[in-house]
Amino acid sequence: MNEERLVSAEQSVDDQAIDAALRPKKLDDFIGQERVREQLSLVLHSALRRGRTPDHVLLSGGPGLGKTTLAMIIAAELGRPLRITSGPAIERAGDLAAVLSTLSEGEVLFLDEIHRMARPAEEMLYLAMEDFRVDVVVGKGPGATAIPLDIAPFTLVGATTRAGMLPGPLRDRFGFVAHMDFYEPAELEVIVRRSAGLLGVRVDDEAAAEVAFRSRGTPRIANRLLRRVRDYAEVRADGVVTRELARAALDLYEVDAQGLDRLDRAVLRALLVKFGGGPVGLSTLAVSVGEEPETVEVVAEPFLVRQGLLARTARGRVATPAAWAHLGLTPPPGAAAPFPAAAPGAGALFDVGGEGD
Ligand SMILES: Nc1ncnc2c1ncn2[C@@H]1O[C@H](COP(=O)(O)OP(=O)(O)OP(=O)(O)O)[C@@H](O)[C@H]1O
Ligand SMILES: [Mg+2]
């Protein structure tokens with residue numbers, strides 16, 4: 001169900017064309033991520049001044065935060081062609097050799113989902129990144145020989161949603177690592193206004209703020225919510241999106257004021273109403289909302305944790321005071337007692353494993 005969620009950060013089939021159409025093309029048009037943008041600008045422009053290929057760049061961050069966009073911008077800023085491939089497409093070292101040996105000088109190679117590349121290819125990549133050389137193995141078994149092959153100096157741009165899964169030696173070979181964070185509502189508001197302009201949707205500032213606020217810190221979600229709001233305004237009104245219309249549309253799609261959707265709220269409500277705020281075990285909680293434990297853990301919980309509405313403890317899931325407030329409920333006396341703030345020094349109680357967000 002994850003793919004169909006309006007608030008999923010993953011790219012859906014519907015997003016593909018729109019993602020491409022809405023991508024900023026220059027660093028100056030890339031909104032937010034101030035520090036990354038400034039650092040990257042220095043890396044690129046100093047290399048340009050020296051007439052060298054810039055260091056390899058690793059972009060790390062959650063889905064929909066702008067990694068692919070930034071990779072394209074890097075090539076554009078350098079005025080170089082961009083070759084795109086991805087970890088899953090490189091099953092054998094030979095697949096990578098085929099790409100590397102046909103790069104032109106200064107070309108930018110975008111390797112998306114780099115953490116999913118096959119191991120033997122990884123080792124080939126180390127050498128290529130460091131020495132602009134690959135060893136092509138010819139033959140099999142004891143008679144196999146490695147033939148060194150020079151390749152053109154290039155800039156690798158790797159992207160990953162799981163920087164922690166990258167082997168150290170690979171991470172160390174990137175001269176610049178950009179960590180992309182969730183966006184602030186004010187930044188998303190600018191993104192929404194820009195996207196609205198490109199799509200020819202008229203949104204007033206308050207409506208843009210409303211959409212931004214419900215977008216979970218993620219530009220891709222903001223752009224998706226904007227489209228749903230536009231549909232609503234076209235069918236139910238004169239096409240101009242006001243705050244009231246944006247609210248009505250997003251309420252209809254069950255995306256609430258903080259960006260929680262139906263599943264998020266069902267989990268939270270069950271935790272509060274059926275289990276008095278917890279602690280309750282994951283599988284019990286999942287059964288009570290009719291979902292698989294994995295769905296609750298992977299799809300709903302990370303955002304609830306990030307919003308400070310739910311905590312994972314060694315004794316089970318616990319709602320925070322903010323959770324009661326968010327659903328407009330009053331906690332019963334003594335509810336959510338085993339909460340971190342109330343139990344200084346009880347850090348060991350809390351299991352932060354498996355967060356993966
Ligand atoms: N800083 C930004 N300013 C304006 N638009 C942005 C920004 N970052 C992302 N977007 C928009 O959000 C959408 C998703 O961005 P992008 O495809 O680059 O994300 P991603 O990090 O590559 O995601 P994934 O991990 O799923 O590959 C694009 O349409 C892009 O236009
Ligand atoms: Mg991408």
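Which of the 22 residues around ligand 1 come nearest? They are Gly66, Lys67, Thr68, Thr69 and Pro219, where a residue is near a molecule if its C-beta atom, placed from the backbone, lies within 6 Å of it. This is a predicted model, in which local features need pLDDT of at least 70 and side-chain atom pairs count only at pLDDT 80 or more, while totals for chains, interfaces and linings use all residues. Residues are numbered from 1 along each chain as its sequence is written, and chains are lettered from A and ligands numbered from 1 in the order in which they are written.

**Shell around ligand 1**

- The elements that give two or more residues to the shell are α1 (13–22), α3 (67–78) and α9 (219–236); helices (H or I, at least four residues) and strands (E, at least two) are DSSP runs, numbered from the N terminus.
- The shell around ligand 1 holds eight nonpolar, nine polar and five charged residues (Ala, Val, Leu, Ile, Met, Phe, Trp, Tyr, Cys and Pro count as nonpolar, Asp, Glu, Lys and Arg as charged, and the others, Gly among them, as polar).
- Domain 1 (33–179) and domain 2 (185–252) each supply at least three residues to this shell.

**Domains and annotation**

- The chain is assigned domain 1 (33–179), domain 2 (185–252) and domain 3 (262–349), with bounds from an automatic or database domain assignment.
- Taken over C-alpha atoms, the centres of domain 1 and domain 2 are 36 Å apart.
- An unreviewed UniProt entry annotates residues 53–184 as "domain: AAA+ ATPase"; such annotations may be inferred rather than shown by experiment, and their positions are given in the numbering used here, with feature names shortened.
- Residues 53–184 are 29% helix and 27% strand, with 33 Å between the end C-alpha atoms.

**Helix packing**

- Two packed helices are described by the angle between their axes and the distance between the axes.
- The axes of α9 and helix α10 (residues 243–252) cross at roughly 110 degrees and come within 9 Å (axes are lines fitted to C-alpha atoms, for helices over the stretch in contact, and angles run from 0 to 180 degrees between N-to-C directions).
- α9 is therefore roughly perpendicular to α10, a term for angles of 65 to 115 degrees.
- On the α9 side, Leu225, Arg228, Val229, Tyr232 and Ala233 meet residues of α10 that include Leu245 and Leu252; residues are in contact if their C-beta atoms, placed from the backbone, lie within 7 Å.
- The contact of α9 with α10 has ten nonpolar, no polar and one charged residues.
- Helix α11 (residues 262–274) packs against helix α13 (residues 293–306) at about 80 degrees, with the axes 10 Å apart, so α11 and α13 are roughly perpendicular to each other.
- Leu263, Asp264, Val267 and Leu268 of α11 make this contact with Val296, Val299, Ala300, Phe303 and Leu304 of α13.
- The residues of the contact of α11 with α13 are eight nonpolar, no polar and one charged.

Note on methods:
Parallel < 35°, antiparallel > 145°, perpendicular 65-115°, else oblique. Contact = placed C-beta atoms within 7 Å.
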